[in-house]
Amino acid sequence: MSRISNPRYVQGLNEANDHFIITDPGSVMLSNHDVMNWVQEQKAHARQVDEQEEREGLTGVVSGRPANWLHALDKVEEYMNRDFHPWHNNPKYTGRKDRNKMYRDLMVALDDADLELVKTELLMLFNTRPLTLPVLGTIVEEMDSRFDEEEQLQILEIVKNVLGGGEEDGDTDAVADGEDTAAVADGEDTAAVADGEDMDAVADGEGAGPVAKEETMHEA
Amino acid sequence: MYTLVTVADVVEIHPRDFHKPSKRAIEDWINTKYADKVIHKVGLCVGFHSLISASEGLIGHGTGIVNVNVDFRLIVFRPFKGEIIRGTISSSNESGIHMSMGFFEDIVAPAALLFGPSQTELEEGGSRTWVWKADENDFYFDRTEKCLMRVEQETWTDLSPQMKKLDEDFDMEARDAAGLRSCPYRLTVSMALTGLGPDLWWLGEQAEAAEEAAKAPENVEETNEVEMAA
(Lines give C-alpha, C1' and ligand atoms only; values in the text may rest on other atoms or scores of the structure.)
Protein backbone atom coordinates (compact mmCIF):
# COMPACT_ATOMS: atom_id res chain seq x y z
CA MET A 1 0.00 0.00 0.00
CA SER A 2 1.43 3.32 -0.97
CA ARG A 3 0.66 5.10 2.28
CA ILE A 4 2.87 2.79 4.32
CA SER A 5 5.74 3.15 1.91
CA ASN A 6 6.72 6.56 3.21
CA PRO A 7 9.68 5.74 5.42
CA ARG A 8 10.03 9.03 7.17
CA TYR A 9 7.31 8.91 9.83
CA VAL A 10 7.74 6.90 13.00
CA GLN A 11 6.27 3.46 12.45
CA GLY A 12 5.48 1.25 15.39
CA LEU A 13 5.93 -2.50 15.28
CA ASN A 14 2.18 -2.82 15.46
CA GLU A 15 0.46 0.35 14.34
CA ALA A 16 -2.81 -0.15 16.17
CA ASN A 17 -1.08 -0.56 19.51
CA ASP A 18 1.53 2.12 19.19
CA HIS A 19 1.26 4.16 22.34
CA PHE A 20 4.43 6.14 22.64
CA ILE A 21 4.08 9.37 24.62
CA ILE A 22 6.12 12.54 24.29
CA THR A 23 6.66 13.69 27.84
CA ASP A 24 8.85 16.61 26.84
CA PRO A 25 8.74 17.85 23.24
CA GLY A 26 12.04 19.66 23.50
CA SER A 27 12.80 22.28 26.13
CA VAL A 28 16.55 21.83 26.15
CA MET A 29 18.49 23.24 23.21
CA LEU A 30 21.71 21.71 22.03
CA SER A 31 24.35 23.48 20.02
CA ASN A 32 25.57 22.08 16.71
CA HIS A 33 28.89 21.36 18.35
CA ASP A 34 27.18 19.30 21.06
CA VAL A 35 25.53 17.18 18.41
CA MET A 36 28.66 16.82 16.34
CA ASN A 37 30.60 15.54 19.33
CA TRP A 38 27.76 13.21 20.22
CA VAL A 39 27.68 11.71 16.73
CA GLN A 40 31.42 11.14 16.79
CA GLU A 41 31.24 9.51 20.20
CA GLN A 42 28.37 7.26 19.14
CA LYS A 43 30.22 6.02 16.10
CA ALA A 44 33.47 5.54 18.00
CA HIS A 45 31.71 3.63 20.75
CA ALA A 46 29.83 1.43 18.28
CA ARG A 47 33.05 0.64 16.46
CA GLN A 48 34.78 -0.17 19.73
CA VAL A 49 32.02 -2.54 20.84
CA ASP A 50 31.86 -4.24 17.45
CA GLU A 51 35.61 -4.78 17.45
CA GLN A 52 35.41 -6.25 20.93
CA GLU A 53 32.71 -8.67 19.80
CA GLU A 54 34.83 -9.70 16.88
CA ARG A 55 37.74 -10.42 19.18
CA GLU A 56 35.50 -12.54 21.37
CA GLY A 57 34.14 -14.35 18.36
CA LEU A 58 30.64 -13.02 18.83
CA THR A 59 30.21 -11.42 15.41
CA GLY A 60 26.88 -12.36 13.97
CA VAL A 61 25.62 -13.53 17.35
CA VAL A 62 24.83 -10.03 18.55
CA SER A 63 23.03 -8.60 15.57
CA GLY A 64 24.25 -5.52 13.74
CA ARG A 65 23.24 -1.94 14.30
CA PRO A 66 19.95 -0.56 12.90
CA ALA A 67 20.61 0.67 9.37
CA ASN A 68 18.49 3.80 9.71
CA TRP A 69 20.45 4.82 12.80
CA LEU A 70 23.78 4.42 11.04
CA HIS A 71 22.41 6.37 8.11
CA ALA A 72 21.22 9.21 10.34
CA LEU A 73 24.61 9.40 12.07
CA ASP A 74 26.48 9.38 8.77
CA LYS A 75 24.34 12.13 7.30
CA VAL A 76 24.62 14.38 10.35
CA GLU A 77 28.37 13.79 10.53
CA GLU A 78 28.68 14.73 6.88
CA TYR A 79 26.87 17.99 7.54
CA MET A 80 28.99 18.73 10.60
CA ASN A 81 32.22 18.16 8.68
CA ARG A 82 31.47 20.90 6.20
CA ASP A 83 33.83 23.81 6.23
CA PHE A 84 31.37 26.54 7.14
CA HIS A 85 31.17 25.52 10.79
CA PRO A 86 33.18 27.53 13.34
CA TRP A 87 35.14 24.51 14.55
CA HIS A 88 36.56 23.73 11.13
CA ASN A 89 40.33 24.15 11.31
CA ASN A 90 39.92 26.04 14.54
CA PRO A 91 42.39 25.24 17.34
CA LYS A 92 40.06 26.68 19.98
CA TYR A 93 37.71 23.71 19.70
CA THR A 94 39.49 20.81 21.31
CA GLY A 95 36.99 19.09 23.52
CA ARG A 96 33.69 18.97 25.34
CA LYS A 97 34.83 20.85 28.42
CA ASP A 98 36.32 23.63 26.31
CA ARG A 99 33.08 24.02 24.47
CA ASN A 100 31.08 24.65 27.63
CA LYS A 101 33.75 27.03 28.82
CA MET A 102 33.65 28.88 25.50
CA TYR A 103 29.91 29.25 25.70
CA ARG A 104 30.16 30.61 29.21
CA ASP A 105 33.01 32.93 28.26
CA LEU A 106 30.93 34.30 25.43
CA MET A 107 28.00 34.92 27.75
CA VAL A 108 30.17 36.54 30.41
CA ALA A 109 32.06 38.75 27.97
CA LEU A 110 28.84 40.06 26.46
CA ASP A 111 27.39 40.60 29.88
CA ASP A 112 30.45 42.51 31.09
CA ALA A 113 30.20 44.80 28.12
CA ASP A 114 26.50 45.40 28.85
CA LEU A 115 25.49 43.94 25.52
CA GLU A 116 22.14 42.29 26.08
CA LEU A 117 21.35 39.36 23.87
CA VAL A 118 18.56 36.82 24.17
CA LYS A 119 19.34 33.14 24.77
CA THR A 120 18.40 32.14 21.23
CA GLU A 121 20.68 34.84 19.82
CA LEU A 122 23.51 33.57 21.96
CA LEU A 123 23.01 30.05 20.67
CA MET A 124 23.01 31.30 17.11
CA LEU A 125 26.20 33.26 17.71
CA PHE A 126 27.74 30.04 18.96
CA ASN A 127 26.46 28.00 16.03
CA THR A 128 27.22 30.35 13.16
CA ARG A 129 30.02 32.54 14.58
CA PRO A 130 29.36 35.70 12.55
CA LEU A 131 32.47 37.57 11.46
CA THR A 132 30.79 40.40 9.56
CA LEU A 133 28.04 42.90 10.34
CA PRO A 134 25.58 41.64 7.69
CA VAL A 135 25.61 38.14 9.17
CA LEU A 136 25.38 39.50 12.72
CA GLY A 137 22.31 41.41 11.58
CA THR A 138 20.51 38.22 10.63
CA ILE A 139 21.03 36.81 14.13
CA VAL A 140 20.37 39.88 16.24
CA GLU A 141 16.89 41.16 15.62
CA GLU A 142 16.42 44.90 15.24
CA MET A 143 20.17 45.22 15.57
CA ASP A 144 20.35 48.83 14.44
CA SER A 145 17.85 50.00 17.01
CA ARG A 146 19.33 48.03 19.88
CA PHE A 147 23.03 48.66 19.31
CA ASP A 148 24.96 51.45 17.64
CA GLU A 149 27.71 50.59 15.21
CA GLU A 150 30.44 50.66 17.86
CA GLU A 151 28.55 48.15 20.00
CA GLN A 152 27.87 45.95 17.01
CA LEU A 153 31.58 45.86 16.23
CA GLN A 154 32.20 45.10 19.87
CA ILE A 155 29.99 42.02 19.65
CA LEU A 156 31.92 40.83 16.62
CA GLU A 157 35.18 41.42 18.46
CA ILE A 158 34.04 39.35 21.43
CA VAL A 159 32.84 36.55 19.15
CA LYS A 160 36.17 36.56 17.37
CA ASN A 161 38.14 36.48 20.62
CA VAL A 162 36.18 33.71 22.28
CA LEU A 163 35.27 31.49 19.33
CA GLY A 164 38.24 32.22 17.12
CA GLY A 165 37.90 34.08 13.89
CA GLY A 166 39.70 33.25 10.75
CA GLU A 167 42.82 31.55 12.08
CA GLU A 168 42.09 28.94 9.45
CA ASP A 169 42.72 31.57 6.83
CA GLY A 170 46.09 32.29 8.32
CA ASP A 171 44.89 35.33 10.19
CA THR A 172 47.64 35.99 12.71
CA ASP A 173 45.65 38.58 14.60
CA ALA A 174 43.81 35.92 16.55
CA VAL A 175 45.66 35.37 19.80
CA ALA A 176 45.53 31.93 21.39
CA ASP A 177 45.32 32.25 25.14
CA GLY A 178 47.49 29.93 27.18
CA GLU A 179 44.44 28.38 28.83
CA ASP A 180 42.72 27.67 25.55
CA THR A 181 45.47 25.66 23.98
CA ALA A 182 46.41 23.80 27.14
CA ALA A 183 43.22 21.74 27.26
CA VAL A 184 43.30 18.38 25.56
CA ALA A 185 40.33 16.10 24.73
CA ASP A 186 39.54 13.97 27.75
CA GLY A 187 39.93 10.24 27.39
CA GLU A 188 37.07 9.80 29.85
CA ASP A 189 34.62 11.49 27.49
CA THR A 190 34.30 8.47 25.24
CA ALA A 191 33.94 6.04 28.13
CA ALA A 192 31.10 8.10 29.53
CA VAL A 193 28.93 7.26 26.52
CA ALA A 194 28.55 3.69 27.74
CA ASP A 195 26.84 4.88 30.89
CA GLY A 196 24.44 7.04 28.95
CA GLU A 197 25.98 10.11 30.53
CA ASP A 198 24.18 13.20 29.47
CA MET A 199 25.79 15.53 27.06
CA ASP A 200 26.36 18.91 28.57
CA ALA A 201 23.50 21.15 27.67
CA VAL A 202 23.99 24.78 26.98
CA ALA A 203 24.36 26.40 30.38
CA ASP A 204 21.75 28.87 31.44
CA GLY A 205 23.24 31.93 33.14
CA GLU A 206 20.27 33.97 34.19
CA GLY A 207 16.81 34.84 33.02
CA ALA A 208 14.15 32.76 31.32
CA GLY A 209 14.72 31.25 27.95
CA PRO A 210 14.46 28.06 25.95
CA VAL A 211 17.79 26.81 27.23
CA ALA A 212 17.44 24.79 30.42
CA LYS A 213 19.87 24.83 33.29
CA GLU A 214 22.72 22.41 33.21
CA GLU A 215 21.57 20.84 36.47
CA THR A 216 18.46 19.38 34.90
CA MET A 217 20.60 17.28 32.61
CA HIS A 218 21.84 15.23 35.55
CA GLU A 219 18.52 14.05 36.86
CA ALA A 220 18.87 10.61 35.29
CA MET B 1 18.74 23.36 15.57
CA TYR B 2 18.69 20.39 17.87
CA THR B 3 16.79 19.61 21.07
CA LEU B 4 16.43 16.77 23.53
CA VAL B 5 12.99 15.17 23.52
CA THR B 6 11.81 12.90 26.33
CA VAL B 7 9.68 9.92 25.30
CA ALA B 8 7.90 7.14 27.15
CA ASP B 9 7.40 3.96 25.17
CA VAL B 10 7.05 0.22 25.56
CA VAL B 11 10.11 -1.55 24.24
CA GLU B 12 9.63 -5.11 23.00
CA ILE B 13 12.57 -7.46 23.31
CA HIS B 14 12.23 -10.60 21.24
CA PRO B 15 13.59 -13.94 22.46
CA ARG B 16 16.13 -13.89 19.64
CA ASP B 17 17.66 -10.80 21.28
CA PHE B 18 17.79 -12.16 24.82
CA HIS B 19 21.52 -12.78 24.55
CA LYS B 20 22.10 -9.07 24.08
CA PRO B 21 22.88 -6.98 27.14
CA SER B 22 19.62 -5.24 28.13
CA LYS B 23 20.94 -1.78 27.46
CA ARG B 24 21.96 -2.73 23.96
CA ALA B 25 18.65 -4.45 23.20
CA ILE B 26 16.71 -1.40 24.37
CA GLU B 27 18.93 1.06 22.49
CA ASP B 28 18.76 -0.94 19.29
CA TRP B 29 14.99 -1.22 19.48
CA ILE B 30 14.62 2.51 20.08
CA ASN B 31 17.02 3.41 17.29
CA THR B 32 15.28 1.06 14.87
CA LYS B 33 11.98 2.72 15.60
CA TYR B 34 13.00 6.37 15.82
CA ALA B 35 16.30 7.08 14.06
CA ASP B 36 16.00 9.16 10.88
CA LYS B 37 12.22 9.32 11.29
CA VAL B 38 9.88 12.23 11.88
CA ILE B 39 7.64 12.38 14.95
CA HIS B 40 4.58 14.44 14.11
CA LYS B 41 4.90 17.97 15.52
CA VAL B 42 8.10 17.11 17.35
CA GLY B 43 10.84 16.89 14.74
CA LEU B 44 13.28 14.67 12.87
CA CYS B 45 14.89 12.19 15.26
CA VAL B 46 18.60 11.53 15.01
CA GLY B 47 18.94 8.83 17.63
CA PHE B 48 18.75 7.54 21.15
CA HIS B 49 20.55 9.84 23.57
CA SER B 50 20.13 8.50 27.10
CA LEU B 51 18.03 6.28 29.31
CA ILE B 52 16.07 7.84 32.15
CA SER B 53 14.39 4.75 33.55
CA ALA B 54 13.36 1.26 32.57
CA SER B 55 10.86 -0.94 34.34
CA GLU B 56 11.15 -4.65 34.88
CA GLY B 57 10.34 -6.76 31.90
CA LEU B 58 6.87 -8.23 31.60
CA ILE B 59 6.57 -11.33 29.50
CA GLY B 60 3.64 -11.41 27.12
CA HIS B 61 1.51 -14.48 26.56
CA GLY B 62 2.30 -16.73 23.67
CA THR B 63 5.12 -14.86 22.05
CA GLY B 64 7.56 -14.71 24.94
CA ILE B 65 8.32 -11.10 24.06
CA VAL B 66 9.48 -9.08 27.04
CA ASN B 67 7.83 -5.66 27.36
CA VAL B 68 9.75 -2.95 29.16
CA ASN B 69 8.38 0.49 29.99
CA VAL B 70 11.14 2.88 29.11
CA ASP B 71 11.62 6.62 29.57
CA PHE B 72 14.40 7.96 27.42
CA ARG B 73 15.68 10.96 25.53
CA LEU B 74 16.20 11.39 21.82
CA ILE B 75 18.22 13.96 19.93
CA VAL B 76 15.81 15.67 17.56
CA PHE B 77 16.35 18.15 14.76
CA ARG B 78 13.87 21.00 14.92
CA PRO B 79 15.05 24.57 14.29
CA PHE B 80 12.98 27.27 15.96
CA LYS B 81 11.18 30.02 14.09
CA GLY B 82 13.53 32.81 13.27
CA GLU B 83 16.61 30.63 13.57
CA ILE B 84 19.38 31.23 11.08
CA ILE B 85 20.64 27.96 9.63
CA ARG B 86 23.05 26.90 6.92
CA GLY B 87 22.24 24.86 3.84
CA THR B 88 22.92 24.58 0.15
CA ILE B 89 20.73 25.29 -2.84
CA SER B 90 19.73 22.00 -4.39
CA SER B 91 17.26 22.97 -7.12
CA SER B 92 14.87 25.68 -8.29
CA ASN B 93 11.49 25.74 -9.94
CA GLU B 94 8.80 28.30 -10.75
CA SER B 95 7.55 28.56 -7.22
CA GLY B 96 10.85 28.88 -5.42
CA ILE B 97 14.11 27.32 -4.36
CA HIS B 98 14.70 23.97 -2.68
CA MET B 99 17.39 23.91 -0.03
CA SER B 100 19.18 20.94 1.43
CA MET B 101 21.14 20.22 4.57
CA GLY B 102 22.18 16.72 3.62
CA PHE B 103 20.43 14.96 6.49
CA PHE B 104 17.25 16.96 5.83
CA GLU B 105 16.04 17.93 2.41
CA ASP B 106 12.47 19.15 2.75
CA ILE B 107 13.30 22.83 2.88
CA VAL B 108 11.60 25.33 0.59
CA ALA B 109 12.25 29.01 0.00
CA PRO B 110 9.16 30.21 -1.88
CA ALA B 111 9.43 33.11 -4.31
CA ALA B 112 7.61 35.47 -1.98
CA LEU B 113 10.31 35.03 0.67
CA LEU B 114 13.27 35.79 -1.55
CA PHE B 115 14.96 39.16 -1.93
CA GLY B 116 13.00 42.07 -3.27
CA PRO B 117 9.95 42.11 -5.43
CA SER B 118 12.40 42.64 -8.24
CA GLN B 119 12.74 38.86 -8.38
CA THR B 120 12.73 37.19 -11.75
CA GLU B 121 13.73 33.88 -13.10
CA LEU B 122 15.99 33.08 -15.96
CA GLU B 123 16.08 29.90 -17.92
CA GLU B 124 19.69 28.96 -18.44
CA GLY B 125 20.31 25.97 -20.64
CA GLY B 126 17.06 24.31 -19.65
CA SER B 127 17.43 24.63 -15.91
CA ARG B 128 16.03 27.44 -13.84
CA THR B 129 17.97 29.81 -11.65
CA TRP B 130 16.51 32.50 -9.48
CA VAL B 131 18.16 35.88 -9.81
CA TRP B 132 17.86 38.87 -7.54
CA LYS B 133 17.90 41.91 -9.74
CA ALA B 134 19.09 44.63 -7.42
CA ASP B 135 19.59 48.03 -9.00
CA GLU B 136 22.26 47.44 -11.64
CA ASN B 137 23.53 44.21 -10.13
CA ASP B 138 22.39 40.65 -10.64
CA PHE B 139 22.76 38.26 -7.76
CA TYR B 140 22.36 34.62 -8.65
CA PHE B 141 20.94 31.87 -6.47
CA ASP B 142 23.21 29.24 -7.95
CA ARG B 143 22.97 25.51 -7.29
CA THR B 144 25.31 24.14 -4.61
CA GLU B 145 25.90 27.61 -3.18
CA LYS B 146 26.33 27.66 0.60
CA CYS B 147 23.65 29.90 2.07
CA LEU B 148 22.30 31.23 5.29
CA MET B 149 18.54 31.09 5.60
CA ARG B 150 15.96 32.07 8.17
CA VAL B 151 13.34 29.57 9.32
CA GLU B 152 9.88 31.09 8.91
CA GLN B 153 7.41 28.25 9.19
CA GLU B 154 7.07 24.55 9.86
CA THR B 155 4.50 22.40 8.08
CA TRP B 156 3.49 19.07 9.53
CA THR B 157 1.61 16.42 7.58
CA ASP B 158 0.43 13.41 9.50
CA LEU B 159 1.08 10.46 7.25
CA SER B 160 0.55 7.62 9.69
CA PRO B 161 -2.08 5.18 8.41
CA GLN B 162 -4.49 5.37 11.32
CA MET B 163 -4.42 9.14 11.68
CA LYS B 164 -5.70 10.11 8.32
CA LYS B 165 -8.29 8.58 6.10
CA LEU B 166 -6.88 9.23 2.68
CA ASP B 167 -9.07 9.23 -0.41
CA GLU B 168 -8.83 6.18 -2.59
CA ASP B 169 -7.29 8.16 -5.36
CA PHE B 170 -4.76 9.84 -3.10
CA ASP B 171 -1.47 9.75 -4.86
CA MET B 172 1.59 9.65 -2.63
CA GLU B 173 3.74 10.65 -5.51
CA ALA B 174 1.74 13.79 -6.30
CA ARG B 175 3.58 17.04 -5.92
CA ASP B 176 2.06 20.11 -4.40
CA ALA B 177 2.46 23.75 -5.36
CA ALA B 178 6.03 23.87 -4.18
CA GLY B 179 6.97 20.85 -6.23
CA LEU B 180 7.56 18.63 -3.24
CA ARG B 181 5.96 15.30 -2.48
CA SER B 182 3.81 15.08 0.60
CA CYS B 183 6.28 14.91 3.46
CA PRO B 184 5.83 14.70 7.21
CA TYR B 185 7.91 17.75 8.11
CA ARG B 186 8.74 20.69 5.92
CA LEU B 187 10.54 23.92 6.65
CA THR B 188 9.70 27.14 4.86
CA VAL B 189 12.62 29.52 4.91
CA SER B 190 13.33 33.03 3.72
CA MET B 191 16.38 34.63 2.19
CA ALA B 192 15.37 38.26 2.15
CA LEU B 193 17.46 40.02 4.77
CA THR B 194 20.93 41.48 4.55
CA GLY B 195 23.33 38.64 5.24
CA LEU B 196 21.08 35.81 4.08
CA GLY B 197 21.36 33.91 0.84
CA PRO B 198 24.65 32.77 -0.70
CA ASP B 199 27.74 33.65 1.39
CA LEU B 200 29.47 34.98 -1.69
CA TRP B 201 27.12 37.91 -2.03
CA TRP B 202 28.23 39.46 1.26
CA LEU B 203 31.97 39.13 0.76
CA GLY B 204 34.18 40.99 -1.68
CA GLU B 205 33.39 43.88 -3.96
CA GLN B 206 29.73 43.18 -4.50
CA ALA B 207 29.00 43.18 -0.77
CA GLU B 208 28.36 46.91 -0.59
CA ALA B 209 26.01 46.88 -3.53
CA ALA B 210 24.15 43.96 -2.00
CA GLU B 211 23.79 45.72 1.33
CA GLU B 212 22.47 48.87 -0.31
CA ALA B 213 19.96 46.95 -2.38
CA ALA B 214 18.81 44.92 0.60
CA LYS B 215 17.96 48.10 2.45
CA ALA B 216 15.87 49.43 -0.43
CA PRO B 217 12.37 50.34 0.81
CA GLU B 218 10.51 47.92 -1.46
CA ASN B 219 12.59 45.04 -0.18
CA VAL B 220 12.09 45.86 3.47
CA GLU B 221 8.34 46.39 3.18
CA GLU B 222 7.86 43.17 1.30
CA THR B 223 9.76 41.25 3.94
CA ASN B 224 7.75 42.76 6.78
CA GLU B 225 4.45 41.95 5.16
CA VAL B 226 5.43 38.41 4.50
CA GLU B 227 6.80 37.92 8.00
CA MET B 228 3.61 39.19 9.59
CA ALA B 229 1.55 36.84 7.50
CA ALA B 230 3.67 33.83 8.36
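**A pair between chains**

Mentor: In this predicted model, a salt bridge joins the side chains of Arg150(B) and Glu141(A), at 3.8 Å from N to O.

Trainee: Where do Arg150(B) and Glu141(A) lie?

Mentor: This pair crosses between chains. Arg150(B) is in strand 12 (residues 146–156) of chain B, and Glu141(A) is in the loop between helix 5 (133–139) and helix 6 of chain A.

Trainee: Is Arg150(B) buried or exposed?

Mentor: Arg150(B) is buried, because its relative accessible area is 9% and buried means under 20%. Glu141(A) has 48% relative accessibility, so it counts as partly exposed.

Trainee: And why would such side chains pair in the first place?

Mentor: Side chains of opposite charge can pair when their charged atoms come close.

Trainee: How many salt bridges does the structure hold?

Mentor: Over all chains, the structure holds 16 salt bridges. One of them joins the side chains of Glu77(A) and Lys43(A), with 2.6 Å from N to O. That pair links distant parts of the chain: Glu77(A) is in helix 2 (residues 67–80) of chain A and Lys43(A) in helix 1 (residues 32–55) of chain A, 34 residues apart. Glu77(A) counts as partly exposed, because its relative accessibility is 22%.

Trainee: What about Arg146(A), which residue does its side chain meet?

Mentor: The side chain of Arg146(A) meets that of Glu121(A) in a salt bridge of 3.0 Å, N to O. This pair also links distant parts of the chain, with Arg146(A) in helix 6 (residues 143–146) of chain A and Glu121(A) in helix 4 of chain A, 25 residues apart. Arg146(A) is partly exposed at 32% relative accessibility, whereas Glu121(A) is buried at 5%.

Trainee: Which residues are linked with Glu53(A) in a network of salt bridges?

Mentor: Glu53(A) is linked in a network with Lys20(B), Arg24(B) and Asp28(B).

Trainee: Let us go back to helix 4 of chain A. Why is helix 4 described as largely enclosed?

Mentor: Helix 4 (residues 119–128) has 10 residues and nine of them are buried, so it is largely enclosed by the rest of the structure. The buried residues include Leu122(A), Leu123(A), Met124(A), Leu125(A) and Phe126(A). Lys119(A), Asn127(A) and Thr128(A) are also among them.

Trainee: What follows helix 4 of chain A?

Mentor: Arg129(A) follows it, and the phi of Arg129(A) is positive, near 45°.

Trainee: What is the phi of Asn89(A)?

Mentor: Asn89(A) has a positive phi of about 55°, although it is not a glycine. Asn89(A) is in the loop between helix 2 and helix 3 of chain A. It counts as exposed because its relative accessibility is 54%.

Trainee: And in chain B, what about Thr144(B)?

Mentor: Thr144(B) is not a glycine either, and its phi is positive, about 70°. Thr144(B) is found in the loop between strand 11 (137–141) and strand 12 of chain B. With a relative accessible area of 55%, Thr144(B) is exposed.

Trainee: Changing topic: how is chain A built overall?

Mentor: Chain A has nine helices and one strand. Along the sequence, the pattern is β-α-α-α-α-α-α-α-α-α. Chain A has 220 residues, of which 45% count as buried.

Trainee: Where do negative charges gather on the surface?

Mentor: Asp111(A), Asp112(A), Asp114(A) and Glu116(A) gather in a patch of negative charge there. Asp112(A) is placed in helix 3 (residues 96–112) of chain A, and Asp112(A) counts as exposed, at 64% relative accessibility.

Trainee: Last one: is Met149(B) buried or exposed?

Mentor: Met149(B) is buried, with a relative accessible area of 0%. Met149(B) lies in strand 12 of chain B, the strand that also holds Arg150(B).

Trainee: What is Met149(B) in contact with?

Mentor: Leaving aside neighbours within four places in sequence, the contacts of Met149(B) include Ile84(B), Ile85(B), Met99(B), Met101(B), Ile107(B), Val189(B) and Leu196(B). Met149(B) and Val189(B) are 40 residues apart in sequence and 6.2 Å apart in space, C-alpha to C-alpha.

Key. Residues numbered from 1 in each chain as written. Chains lettered and ligands numbered in written order. Predicted model: local features only at pLDDT ≥ 70, side-chain atom pairs only at ≥ 80, totals over all residues. Heavy atoms only, no water. Patch = residues over 30% accessible without salt bridge, like charges linked within 9 Å, V, L, I, M, F, W, Y side chains within 5 Å. Areas by Shrake-Rupley, 256 points an atom, 1.4 Å probe, with all protein chains shown as cover. Salt bridge = Lys/Arg side-chain N within 4 Å of Asp/Glu carboxyl O. Lys, Arg positive; Asp, Glu negative; His and termini not counted. Charge placed at Lys NZ, Arg CZ, Asp CG, Glu CD. Helix = DSSP H or I, 4+ residues; strand = E, 2+ residues; numbered from the N terminus. Buried < 20%, exposed > 50% of the residue type's maximum accessible area, 1.4 Å probe, protein only. Contact = heavy atoms within 4.5 Å.
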